[in-house]
Amino acid sequence: APPPLAPLERRLRTQLRRGQQGVEAAIDLHGMRQDEAHAALRGFLRSQQMRGAKLVLVVTGKGGAGDFGFGSERGVLRRNVPHWLSLADLRPLVLGFDEAEQRHGGSGALYIRLRRLRGPQS
């Protein structure tokens, strides 16, 4: 089993905040249905891992306040993406994640550190 997910190291957070480190790729999930977003996230993380990316940005959106009908929720992706990252299909891809800096979307986005590929993949 992979080790537990970890937040980003303080040094990396500082580099991101100062603009000394950037993200290698980004995907914007907001506006997608949950099933579409989960599939898009899985495909994005796999493709970025295959190309050797170490740090990516996932924009979930913050959800919004407003008068929505019964049964409609806001911020569903913002709540669900961290859960999805710990599930069996994504867990082997992810080292850890943390909320993005304000300039990258703040609470409506996540930095995700990807695991390196080891050996040939089937």
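I began with burial: buried means under 20% relative accessible area, exposed means over 50%, and partly exposed lies in between, using a 1.4 Å probe and protein chains only. With that in hand I looked up D89, which is partly exposed, with a relative accessible area of 25%.

**Ground rules.** I am reading a predicted model, where local features need pLDDT of at least 70, side-chain atom pairs count only at pLDDT 80 or more, and totals for chains, interfaces and linings use all residues. Residues are numbered from 1 along each chain as its sequence is written, and side-chain values use heavy atoms, with hydrogens and water left out.

**Entry on helix α2.** I noted that helices (H or I, at least four residues) and strands (E, at least two) are DSSP runs, numbered from the N terminus. Helix α2 covers residues 34–50, which is 17 residues. From first C-alpha to last it reaches 24 Å, close to the 24 Å expected at 1.5 Å a residue; the expected span is 1.5 Å times one less than the number of residues.

Which residues of α2 are buried? I found A37, H38, L41, F44, L45, Q48 and Q49. Seen down the axis of α2, they fall within an arc of 135°, so they line one face of the helix. That arc is taken from the directions from the helix axis to the C-beta atoms.

**Entry on strand β4.** I picked I112, which is found in strand β4. I112 is buried, with a relative accessible area of 0%. Not counting residues up to four places away in sequence, I112 touches L45, K54, L55, V56, V58, L85, V94, G96 and F97. I also looked up I112 and L57: they are 55 residues apart in sequence and 6.2 Å apart in space, C-alpha to C-alpha.

**Entry on salt bridges.** Side chains of opposite charge can pair when their charged atoms come close. I used this cut-off: a side-chain nitrogen of Lys or Arg within 4 Å of a carboxyl oxygen of Asp or Glu. How many salt bridges does the structure hold? I count seven.

I started with R13 and E101, whose closest N and O atoms are 2.7 Å apart. R13 lies in helix α1 (residues 10–18) and E101 in the loop between β3 and β4, so the pair ties together parts that are 88 residues apart in sequence. Are R13 and E101 buried or exposed? Both are buried, with R13 at 16% relative accessibility and E101 at 12%. Leaving aside neighbours within four places in sequence, R13 is in contact with L8, D98, E99, A100, E101 and Y111.

E101 also meets R17 in a salt bridge, at 3.6 Å from N to O. R17 lies in helix α1 too, so this pair ties together parts that are 84 residues apart in sequence. R17 is partly exposed, with a relative accessible area of 48%.

Back to D89, which forms a salt bridge with R42, the closest N and O atoms being 2.6 Å apart. D89 lies in the loop between α3 and β3 and R42 in helix α2, so the pair ties together parts that are 47 residues apart in sequence. R42 is partly exposed, at 24% relative accessible area.

Technical notes: Contact means heavy atoms within 4.5 Å.
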